[in-house]
Amino acid sequence: MSKDNKQTGPTQRSLRMGELVRHAMADIFARGDIDDDALRGTVITVPEVRMSTDLKLANVYIMPLGGQHADEIVAALNRHRKYVRGRVSPALNVKFAPEVRFFVDETFEEAGRIDALLRSEKVKRDLADDDGETD
């Protein structure tokens, strides 16, 4: 009798650790602990942190307020990722702090694209045709 219990998504443990890392990152950004010209005066949000299954890698998705200069900010954060890892570690209360990598969060742009598509005239016309149709 074989069990086919393959994990298809993130585990409860990795989701919980991702939320802990996200909150720790938000605190670091709110306090302005990182001294870099690219980050000075910038409000950074952390919508999501994805942890690897072994909890050794944290992919942090960030978006600056207004979405301006996102690539420059990600590059600056990746330059300071060892410092950030050291600041996040005490908040996690784990044996090994995860390695941190920063990426631009593109879900806002994707949501905007889908919203614009749903509001297009072509979709409105198709929906209007479906309302008047009988099968």
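Among contacts in the protein between residues at least 6 apart in sequence, what percentage join residues at least 24 apart? In the predicted model, the share of such contacts that join residues at least 24 apart is 64%. The secondary structure comprises five helices and three strands, and these elements follow the order α-β-β-α-α-β-α-α along the sequence. Of the 135 residues in the protein, 28% are buried.

The packing of helices H1 and H3 was examined next. The axes of H1 and H3 lie 9 Å apart, and the two helices pack at an angle of about 125°. This angle makes H1 oblique to H3, because angles over 145 degrees are needed for a roughly antiparallel arrangement and those from 65 to 115 degrees count as roughly perpendicular. The crossing of H1 past H3 is right-handed. On the H1 side, the contact is formed by Met17, Leu20, Val21, Ala24, Met25, Ile28 and Arg31. On the H3 side, these residues meet Val84, Arg87, Val88, Ala91 and Leu92. By class, the contact of H1 with H3 contains ten nonpolar residues and two charged residues, with no polar residue. Arg31 in H1 and Arg87 in H3 are among the residues of this contact, and both count as charged, because Arg belongs to the charged class.

Asp33 forms one of them with Arg31, at an N to O distance of 2.9 Å. The side chain of Asp33 also meets that of Arg87 in a salt bridge, with 3.0 Å from N to O. Asp33 is located in the loop between helix H1 (12-31) and strand S1 (44-51), whereas Arg87 belongs to helix H3 (residues 81-92), so this pair ties together parts that are 54 residues apart in sequence.

Another of the salt bridges joins the side chains of Arg50 and Glu48, with an N to O distance of 2.8 Å. Both residues are partly exposed: the relative accessible area is 42% for Arg50 and 27% for Glu48.

Backbone geometry was considered last. Most residues other than glycine have a negative phi. Leu55, which is not a glycine, has a positive phi near 65°. Leu55 is situated in the loop between S1 and strand S2 (57-64). A positive phi also occurs at His69, again a residue other than glycine, with a value of about 60°. The position of His69 is in the loop between S2 and helix H2 (70-79).

Note on methods. Residues are numbered from 1 along each chain as its sequence is written. This is a predicted model: local features need pLDDT of at least 70, side-chain atom pairs count only at pLDDT 80 or more; totals for chains, interfaces and linings use all residues. Side-chain values use heavy atoms; hydrogens and water are left out. A salt bridge is a side-chain nitrogen of Lys or Arg within 4 Å of a carboxyl oxygen of Asp or Glu. Helices (H or I, at least four residues) and strands (E, at least two) are DSSP runs, numbered from the N terminus. Buried means under 20% relative accessible area, exposed over 50%, partly exposed in between (1.4 Å probe, protein chains only). Axes are lines fitted to C-alpha atoms, for helices over the stretch in contact, and angles run from 0 to 180 degrees between N-to-C directions. Angles under 35 degrees count as roughly parallel, over 145 as roughly antiparallel, 65 to 115 as roughly perpendicular and the rest as oblique. A crossing is left-handed if the near helix is turned anticlockwise from the far one by less than a right angle, and right-handed if clockwise. Contact means heavy atoms within 4.5 Å.
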